[in-house]
Amino acid sequence: MTEDLTLQQLVELLPARIWYLTSNGSDMWCRRPYGFLFSDGPGAETFAKAMGTDDALFAVGLDAGNLISDEMLSGLRNSAVTRLFIDPQIDPQSGDVHGKILRLAPLT
């Protein structure tokens, strides 16, 4: 049986400090339908370089409880982000992104 996680349970699954990529210091960089969260800043910036985007991305770190909020999750859903990669990696052979994915269920 699959059980829906509460927001608090989600925060407890994440590292205490979570990092995301941004080009402006506040908005999370995404590739819809995917968003990307990281356990550390250097890992986030290494991932950004490997993705080869034209954006000048840098990592911003926050306490997971401050980042993962109802307001933030609603904003992600409204911008068509339905999956969050946690510490994604890029397969050097295929270029595919893989890792743990949290699915954001639509609000009903």
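Reply: Start with one term: a polar contact is a pair of N or O atoms within 3.5 Å, and within protein one must be able to donate a hydrogen and the other to accept it. Keep in mind that the model is predicted. Here, the side chain of Thr-22 comes to 2.7 Å from the backbone oxygen of Asp-27.

Me: Which residue has a side chain joined to that of Thr-22 by a polar contact of 3.0 Å?

Reply: Asn-24; the two side chains form that 3.0 Å polar contact.

Me: Where in the chain does Thr-22 lie?

Reply: Thr-22 belongs to strand β1, which covers residues 17-22. The protein chain has 4 helices and 6 strands, and their order from the N terminus is α-β-β-β-α-β-α-α-β-β.

Me: Is Thr-22 buried or exposed?

Reply: Buried means under 20% relative accessible area. Thr-22 has 0% relative accessibility, so Thr-22 counts as buried. For the protein chain, 33% of the 108 residues are buried.

Me: Which residues are in contact with Thr-22, leaving aside neighbours within four places in sequence?

Reply: A contact means heavy atoms within 4.5 Å. On that reading, Thr-22 is in contact with Asp-27, Trp-29, Ala-56, Leu-57, Phe-58 and Val-60. Asp-27 is also the residue whose backbone oxygen the Thr-22 side chain reaches.

Me: What can be said of contacts across the protein chain?

Reply: Take the contacts between residues at least 6 apart in sequence: 59% of them join residues at least 24 apart.

How values were computed:
Residues numbered from 1 in each chain as written. Predicted model: local features only at pLDDT ≥ 70, side-chain atom pairs only at ≥ 80, totals over all residues. Heavy atoms only, no water. Helix = DSSP H or I, 4+ residues; strand = E, 2+ residues; numbered from the N terminus. Buried < 20%, exposed > 50% of the residue type's maximum accessible area, 1.4 Å probe, protein only.
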